[in-house]
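Here is a short report for a first look at this structure. Keep the sequence and the 3D view side by side as you read.

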Amino acid sequence: MSAALALASRGRARTAPNPNVGCVIVKQGRVIGRGWTQAGGRPHAEAMALAEAGTESRGATCYVTLEPCAHRSIRGPACSDLLVAAGVGRVVGAIEDPDPRTAGAGFVRLRAAGIAVTTGVEAAAARRSMAGFLTRRALGRPHVTLKLATSLDGAIAMASGESRWITGPEARAHVHLERSRHDAILVGRGTVGADAPVLDVRLPGLEARSPMRVMLSATAVSDDWHVIPTPAAIATLPATDHLFVEGGAQTAAAFLAADLVDRLLLYRAPILIGAGKPALGDIGLAALADAHGRWRLVDARALGRDRVEVYERTPCLPASSPI
């Protein structure tokens, strides 16, 4: 399943509105088929893996990060039907598909055909892998990552506005990798006016994965940007399951105040600025006690001389939610 999850990451930010799924088919201890959802949502991961495995699929075990779909489409057959037709002996699935057209029906169809089904394997990792698809299904909006790059004392710039560069080249490269994993990237109108940011991906081989640029502005109209008036309007962004919010301080505060941040990327450089510009404006916190228990640390690592910490909102969805 870990290999299937790694394959699934290849399709992230390229498959909306379909989920980015990974699939591995194994027979007698040997991988005979690999697949991941392709750009635009088709072919599905299972179809790709089955095509590679061919007739060897009969009696094999299929590991897939999301329940095989049960609905038929003009774009392709249901993956549960493909697995039945291929004669696989067992399907190991991570999580159930929340799409009401499948929602358990895929696993039922497989069991009805005599295929052994195991579910819940690496479920938490699969939810994280498909956070955009699951958040869109559960909340009707993209999954939001907020990026902040600060000094040790929480400043994002000098008092003069100078901010290039707080972090070093390794941290900045990591930001570009994160950009490539998102459908859209958002900044405020003030950032656009002050910095004229390009917001593309400048890593060799990933340039084509530059996300759609979004500006938060109540009044601005631009042919070069997709403009939305409020944080809540992210629900209207086309083909966007993963949104990357880069700044500035008031935009970041607006998303936090609206409780629309699911994941926080905090890059910290080993420098002190003093009377600089703070990372955040007012987020509407009424009492210090309300600040506790909102975030959990899920990753931390060194990036050259800098450090990145990754936090997830807790709880971001009701316990009964598929994510």
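Helices, of type H or I with at least four residues, and strands, of type E with at least two, are DSSP runs numbered from the N terminus. The model is predicted.

**Around glycine 248**

Glycine 248 is found in the loop that joins β11 (242-247) to α9 (249-257). Is this glycine 248 buried, partly exposed or exposed? At 23% relative accessibility, glycine 248 counts as partly exposed, because buried means under 20% and exposed means over 50%. Leaving aside neighbours within four places in sequence, glycine 248 is in contact with Gly188 and Thr191. Lysine 147 is 101 residues away from glycine 248 along the chain, yet their C-alpha atoms are separated by 9.8 Å.

Which strands pair with β6 in the parallel sense? One is β11, over four bridges. Another is β12 (residues 263-268), over six bridges. Threonine 145 stands opposite phenylalanine 244 in β11. Leucine 146 stands opposite leucine 264 in β12.

**The five-stranded sheet**

Five strands form an open sheet with mixed pairing, in the order β2-β1-β3-β4-β5. β2 (30-36) and β5 (116-118) each have a single partner strand, so one side of each is left without a neighbour in the sheet. From one strand to the next, the twist averages 15°.

Arginine 90 stands opposite alanine 116 in β5.

From the record, an unreviewed UniProt entry lists residues 1-110 as "domain: CMP/dCMP-type deaminase". Over residues 1-110 the chain is 27% helix and 23% strand. The end C-alpha atoms of that stretch are 19 Å apart.

**Charges over rings**

Two arginines lie over tryptophan rings, as the table shows.

| Arginine | Ring | Distance to ring centre |
|---|---|---|
| Arginine 10 | Tryptophan 36 | 4.5 Å |
| Arginine 213 | Tryptophan 225 | 4.1 Å |

For arginine 10, the charged end sits over the ring. Arginine 213 lies over the face of its tryptophan. How many aromatic pairs are counted? The count comes to zero, with ring centres required to lie within 6.5 Å.

How values were computed
Residues numbered from 1 in each chain as written. Predicted model: local features only at pLDDT ≥ 70, side-chain atom pairs only at ≥ 80, totals over all residues. Heavy atoms only, no water. Pairing = 2+ DSSP bridges. Axes fitted to C-alpha atoms, helices over the stretch in contact; angles between N-to-C directions. UniProt positions renumbered as here; feature names shortened; annotations may be inferred. Buried < 20%, exposed > 50% of the residue type's maximum accessible area, 1.4 Å probe, protein only. Contact = heavy atoms within 4.5 Å. Phe/Tyr/Trp six-rings, centres within 6.5 Å; stacked < 30°, edge-to-face > 60°. Lys NZ or Arg CZ within 6 Å of the ring centre and 35° of its normal.
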